[in-house]
Amino acid sequence: MMLCRSHCSSSAESLDRLYPAVGSSKPPRKRTTSQCKSEPPLLRTSKRTIYTAGRPPWYNEHGTQSKEAFVIGLGGGSASGKTTVATMIIEALDVPWVVLLSMDSFYKVLTKQQQEQAASNDFNFDHPDAFDFDLIIATLKKLKQGKSVKIPIYDFTTHSRKKEWKTLYGANVIIFEGIMAFADKELLKLLDLKIFVDTDSDIRLVRRLRRDISERGRDIEGVIKQYNKFVKPAFDQYIQPTMRLADIVVPRGSGNTVAIDLIVQHVHSQLEERELSVRAALASAHQCHPLPQTLSVLKSTPQVRGMHTIIRNKETSRDEFIFYSKRLMRLLIEHALSLLPFQSCTVQTPQGHDYEGRTYSGKQITGVSILRAGETMEPALRAVCKDVRIGTILIQTNCNTGEPELHYLRLPKDISEDHVILMDCTVSTGAAAMMAVRVLLDHDVPEDKIFLLSLLMAEMGVHSVAYAFPRVKIITTAVDKKVNDLFRIIPGIGNFGDRYFGTDAPPDWSDDEDALST
């Protein structure tokens with residue numbers, strides 16, 4: 001019922017080409033822990049577990065990631081319970097932004113001859129050469145930097161990669177699990193904490209039989225043949241000796257809840273040391289600086305100021321609030337379109353004369369609304385842009401952590417060459433907007449082709465977005481100077497979504513939470 005260090009040295013000679021020497025005088029590195037899953041990143045809250053494809057907006061004033069993700073390597077024999085242990089760690093950690101990456105996704109593409117061997121259980125999938133370590137290392141490096149990656153999808157029934165790839169986004173904590181998790185020197189350098197799951201061989205065989213027969217369409221004879229010929233020898237030669245490289249060994253796998261609890265405590269302490277706090281990062285970004293040049297504010301004419309007076313007034317009826325908000329949205333959209341690139345062109349009038357005009361020089365305009373408040377701006381965009389494409393992003397702020405979470409994403413295809421109008425009605429801290437921008441960048445939209453539109457922004461949100469993404473154009477009808485302790489814009493406009501849709505605001509809402517669903 002406790003964690004232990006492994007001093008296993010058997011078959012060490014066969015590992016010399018793969019593993020670094022053990023027992024050097026170099027002090028042990030500080031360790032940390034992670035949670036996640038190979039499907040969409042798994043996010044744990046105190047109320048429920050949800051899946052998200054999001055990414056954290058922790059970036060410094062230079063627009064780069066302020067802290068690298070903490071990577072946990074989880075090794076052990078086949079069917080030792082690595083994935084179950086990873087899931088238990090994730091559940092117990094109860095922090096956002098944890099990704100689980102499975103080594104099973106990175107089997108090499110087999111030749112025709114190897115396919116035939118695999119079909120007859122004569123191909124060794126438990127050898128280091130069966131894995132694409134170059135792709136694994138490149139993928140982990142990008143994830144650790146907070147970048148999105150494309151993950152191959154492996155079909156164990158046909159022993160081949162599928163044509164589709166899945167997108168995985170960066171996180172605070174990454175759990176990388178696999179039988180050969182410690183089988184490459186370069187890969188080991190990327191792991192901040194190495195955990196080995198040690199489970200009795202008989203239990204592993206029973207689990208493998210159950211899994212391969214029920215999930216992968218194998219027969220008992222084939223599974224046992226493969227186990228005796230490849231799995232067991234590979235464990236003895238390549239896997240068990242890597243226990244000596246582990247920082248922590250978990251005996252009995254998922255049954256050792258005490259070990260998992262200790263791991264979780266250790267991870268929490270490491271995360272606290274790294275100060276992975278979105279609010280702290282955003283607060284540090286909010287300093288007394290002149291408003292950035294990428295900000296464009298609609299001219300405060302008597303008409304514009306009059307509409308603001310109406311929609312800011314708490315006594316304004318819902319009908320009037322909607323009517324004048326729509327008028328402001330139309331003006332905002334028109335102003336934003338004037339900032340798009342145009343080129344000269346000549347047309348002929350009905351009178352037969354040339355007219356020197358201007359025409360939009362981009363490929364296409366796409367609108368993306370941050371749900372729910374952002375979708376109220378879609379009609380204004382459709383009214384002035386013929387055949388405009390619309391995408392949606394649902395971002396919700398975790399009430400316990402104050403961190404934004406991405407819950408839903410639907411973007412038009414081939415968005416990378418478009419100018420994108422990103423719409424949200426109010427921006428307070430900028431956290432939701434920053435995440436939405438990151439998602440667009442992950443889909444290869446150039447930063448200078450993103451236009452962030454909002455009816456009202458706080459200076460804090462303007463600075464946060466501009467520091468992280470200095471080429472994103474920020475367009476609004478007004479900027480308020482202050483944000484209070486609850487991150488509400490002062491003097492502000494209230495909760496736009498609730499006033500527009502006629503719903504009740506939660507007691508602790510902030511302006512960036514207008515995009516939340518209840």
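**Exercise 1. How many disulfides does the count come to?**

Solution. A disulfide is a covalent bond between the sulfur atoms of two cysteines. Here the rule asks for a pair of cysteine sulfur atoms within 2.5 Å. By this rule the count comes to 0 disulfides.

The structure is a predicted model, in which local features need pLDDT of at least 70 and side-chain atom pairs count only at pLDDT 80 or more, while totals for chains, interfaces and linings use all residues. Residues are numbered from 1 along each chain as its sequence is written, and side-chain values use heavy atoms, with hydrogens and water left out.

**Exercise 2. Classify Cys345 and Cys385 as buried, partly exposed or exposed.**

Solution. Step one is the scale: buried means under 20% relative accessible area, exposed over 50%, and partly exposed in between (1.4 Å probe, protein chains only). Step two applies the scale. Cys345 counts as partly exposed because its relative accessibility is 24%. Cys385 has a relative accessible area of 10% and is therefore buried.

**Exercise 3. Describe how helix H9 and helix H10 meet.**

Solution. Helices (H or I, at least four residues) and strands (E, at least two) are DSSP runs, numbered from the N terminus. Two packed helices are described by the angle between their axes and the distance between the axes. Axes are lines fitted to C-alpha atoms, for helices over the stretch in contact, and angles run from 0 to 180 degrees between N-to-C directions. For H9 (residues 302-312) and H10 (residues 318-337), the axes come within 9 Å and cross at roughly 145 degrees. Contact means heavy atoms within 4.5 Å. The residues that make the contact include Met307 and Ile311 of H9, and Phe321 and Leu328 of H10.

**Exercise 4. Locate Thr476 and state its surroundings.**

Solution. Thr476 belongs to strand S20 (residues 473-476). Its relative accessible area is 0%, so Thr476 is buried. Apart from neighbours within four places in sequence, the contacts of Thr476 include Leu295, Leu332 and Met457.
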